[in-house]
Amino acid sequence: MNPILVALDVDSADKALALADQLKGAVGGFKIGKQLFTAVGPSIVRDITALGEHVFLDLKFHDIPNTVAGAVASAVATGAWMVNVHCSGGSKMMRAAAEAAATTADRLGRPRPLVIGVTVLTSMDEAALAEVGTSRPVMDQVVHLATLAKAAGLDGVVASPLETAAIRAACGADFAIVTPGIRAAADVGKDDQARTMSAAEAVQAGATYLVIGRPITGAADPRAAAAGIRAQLG
Ligand code: C5P
């Protein structure tokens, strides 16, 4: 499938649906995160799914296993194609998430969503990790958590472009890697994304899906911007 997932970082259903309508068929799917979900609720996942589009529900669940399993089950009922949980919740929590996805999808007769792990937030550096008690370098911790996620039955992880190659090497070809921080080649390193790559570089490094927000949603013609990025991927 088209690997581009567009981040709908907007605050209303109208804005999200307008973007989805504009980009329908030109991208692989849409990411709904905490801002839009908290403003609008689960109906937006159903509405975009009803357009025939894939929805990555990026709520990064992190709680006791039973609660995360319940949240994943609720996500399956919305029709989400991909959901995510924090790997730092531990193997038991990740297994509970994977099992809830499978059993709920079975029960509802829906396709099982991909369950993806969040390793280390890209906003955290080594000092921030040390503050919360993790002494490993960021890259080692990312690969460690990705390996745990794979062993717990998750389908992949979210990773910055710079971590993608190491995860691909450690976790193999079938493990999905969802990569944000994508910029046009000329804009790599600009704005608030510190660790960026172009779409082609990220795919080259092993990314399976690319989460792209402002380079598409902020363009004068979002559909043309998405098509342009897609064309660079060959
Ligand atoms: O606009 P931009 O392309 O920077 O949007 C990237 C999207 O990916 C945003 O929704 C952002 O929250 C998300 N994201 C990220 N870096 C991460 C995880 C998620 O940029 N490590």
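# Close-up views

**View A. Residue Q35 is part of helix α2, which spans residues 34–40.** The model is predicted, so local features need pLDDT of at least 70 and side-chain atom pairs count only at pLDDT 80 or more, while totals for chains, interfaces and linings use all residues. Residues are numbered from 1 along each chain as its sequence is written, and side-chain values use heavy atoms, with hydrogens and water left out. Helices (H or I, at least four residues) and strands (E, at least two) are DSSP runs numbered from the N terminus. Q35 has 43% relative accessibility and therefore counts as partly exposed; buried means under 20% relative accessible area, exposed over 50%, and partly exposed in between (1.4 Å probe, protein chains only). Not counting residues up to four places away in sequence, Q35 touches D9, V10 and D11, where contact means heavy atoms within 4.5 Å. Between the C-alpha atoms of Q35 and V138, which are 103 residues apart along the chain, the separation is 27 Å.

**View B. Helix α1 (residues 13–23) packs with helix α3 (residues 43–50) at an angle of about 20°.** The two axes are 11 Å apart; axes are lines fitted to C-alpha atoms, for helices over the stretch in contact, and angles run from 0 to 180 degrees between N-to-C directions. α1 and α3 are therefore roughly parallel to each other, the classes being roughly parallel under 35 degrees, roughly antiparallel over 145, roughly perpendicular from 65 to 115, and oblique for the rest. On the α1 side, A13, A16, L17 and A20 meet I44, D47 and I48 of α3. The residues of this contact divide into six nonpolar, no polar and one charged. Ala, Val, Leu, Ile, Met, Phe, Trp, Tyr, Cys and Pro count as nonpolar, Asp, Glu, Lys and Arg as charged, and the others, Gly among them, as polar.

**View C. The buried residues of α1 are A16, L19, A20 and L23.** Seen down the axis of α1, these residues fall within an arc of 100°, so they line one face of the helix; the arc is that of the directions from the helix axis to the C-beta atoms. D14 and D21 are exposed on the other side of α1. Packed against the buried residues of α1 are β1, β2, α2, α3, α10 and α11.

**View D. In α3, I44, V45 and I48 are buried.** An arc of only 105° around the axis covers them, which puts them on the same side of α3. The elements covering these buried residues include α1, β2 (29–32), α2, β3 and α4 (65–78). G52 follows α3 with a positive phi near 90°.

**View E. Helix α4 and helix α5 (residues 91–108) cross at roughly 35°, with axes that come within 8 Å.** The crossing is right-handed. From α4, the contact uses P65, V68, A69, V72, A73, V76 and A77; from α5, K92, M93, A96, A97, A100, A101, T104, A105 and L108 take part. Sorted by type, the residues of the contact of α4 with α5 are 14 nonpolar, one polar and one charged.

**View F. Helix α11 (residues 222–232) has P222, A225, A226 and I229 as its buried residues.** They span an arc of only 100° around the axis, which puts them on the same side of α11. Their packing partners are β1 (4–7), α1, α9 (199–205), β8 (209–212) and α10 (214–217). Just after α11 comes G234, with a positive phi of about 75°.

**View G. K60, in strand β3 (residues 54–61), is shown at its position in the strand.** The phi of K60 is near 45°, a positive value in a residue other than glycine. Most residues other than glycine have a negative phi. At 24% relative accessibility, K60 counts as partly exposed.

**View H. T134 sits in the loop between α6 (126–131) and α7.** Its relative accessibility is 18%, so T134 counts as buried. Apart from neighbours within four places in sequence, T134 is in contact with L129 and Q141. H144 lies in helix α7 (residues 138–151) and, at 30% relative accessibility, counts as partly exposed. H144 is 26 residues from V118 in sequence and 12 Å from V118 in space, C-alpha to C-alpha.

Conventions
A crossing is left-handed if the near helix is turned anticlockwise from the far one by less than a right angle, and right-handed if clockwise.
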